[in-house]
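This report covers a sheet, the helices packed on it and the nonpolar cores.

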Amino acid sequence: MCVVFDRDLDLALRCSDVAGSLALDWFRRDLRPELKADGSVVTAADHAVEELLREELLRSSPDDAVLAEETGSHGQSDRVWILDPIDGTSSFVRGNPRWRVHVVLQADGHFVVAVITAPALGRQWWASRGRGAFESPWPNGRAAAERLTVSTTDSLDNAVLDGDNDASRVRLASIAHIAPPKAEGWCGGLFDLVRGQVDCFLSEGHQFWDHAPWRLIVQEAGGRFTKRYDGELHGGGLYSNAHLHQSL
């Protein structure tokens with residue numbers, strides 16, 4: 001029997017909307033970024049948005065656990081909310097609009113709900129297990145949502161590939177065509193994959209909370225993902241439209 005996660009999706013969307021509005025209030029403020037132990041950037045905005053998300057989620061689902069980028073694990077449960085309050089903090093502090101709020105629910109080891117909100121771009125993406133993946137304007141644009149579907153390209157000769165850094169793009173260039181760089185006002189990469197505009201995306205870094213929403217959104221759009229390394233917390237992986245996955 002297929003479990004429906006509509007209530008959880010509604011909660012994730014509602015919390016992501018509130019968090020996105022708070023993050024947008026912080027955007028382009030005179031923030032003082034700090035370096036974390038891993039060399040990544042963190043600001044007061046990250047902490048404020050994460051605290052709001054955690055409080056909102058646990059108010060509605062107090063028995064659930066939370067895994068948040070800045071403050072780690074809270075509680076124990078088979079249902080875990082995974083939070084990245086501002087994915088792309090380095091862009092955030094530079095005034096670049098390509099940053100996002102990630103809210104994901106993992107139940108019994110499976111990603112079942114995922115929401116990505118890009119407030120400064122006015123866009124939102126979401127998926128729930130078995131119910132498809134969607135993109136809409138943000139805020140208040142879900143009535144105009146469009147279903148996301150990966151491409152149907154089945155030959156590497158015709159494939160357009162992309163990666164998250166120069167090294168990955170060089171490697172992919174030996175296989176097929178490389179997608180041109182995107183202008184500042186668009187995220188590119190995985191956003192283009194689930195729109196069917198590129199056929200593969202190779203990610204060679206980032207953390208669990210960076211990948212968590214994409215694992216479900218790409219799958220629900222008809223694509224596939226394979227981890228690059230063992231373990232869930234580190235490393236990247238290969239996303240594709242599924243037709244090309246084995247060849248890649």
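## Terms and model

Two strands pair if DSSP finds at least two bridges between them. Helices (H or I, at least four residues) and strands (E, at least two) are DSSP runs, numbered from the N terminus.

The model is predicted: local features need pLDDT of at least 70, side-chain atom pairs count only at pLDDT 80 or more, and totals for chains, interfaces and linings use all residues. Residues are numbered from 1 along each chain as its sequence is written, and side-chain values use heavy atoms, leaving out hydrogens and water.

## The sheet

An open sheet is formed by eight strands, ordered β4-β3-β5-β6-β7-β8-β9-β10, with mixed pairing. At its edges lie β4 (72-74) and β10 (146-147), each pairing on one side only.

Strand β6 (residues 100-107) runs antiparallel to β7, joined to it by seven bridges. V103 stands opposite V115 in β7.

## Helices on the sheet

Contact means heavy atoms within 4.5 Å. Helix α2 (residues 44-60) packs on the sheet and touches β3, β4, β5 and β6. Its direction makes about 155 degrees with that of β5. Axes are lines fitted to C-alpha atoms, for helices over the stretch in contact; angles run from 0 to 180 degrees between N-to-C directions.

Helix α6 also packs on the sheet, touching β3, β5, β6, β7, β8 and β9 (133-137). The direction of α6 makes about 105 degrees with that of β7.

## Nonpolar core

A nonpolar core is a set of buried Ala, Val, Leu, Ile, Met, Phe, Trp, Tyr and Cys residues joined through side-chain atoms within 4.5 Å. Buried means under 20% relative accessible area (1.4 Å probe, protein chains only).

The largest core has 32 residues. I82, W214, I217 and Y239 have the most contacts inside it. Helix α6 gives the most to this core, seven residues.

Technical notes. Buried < 20%, exposed > 50% of the residue type's maximum accessible area, 1.4 Å probe, protein only.
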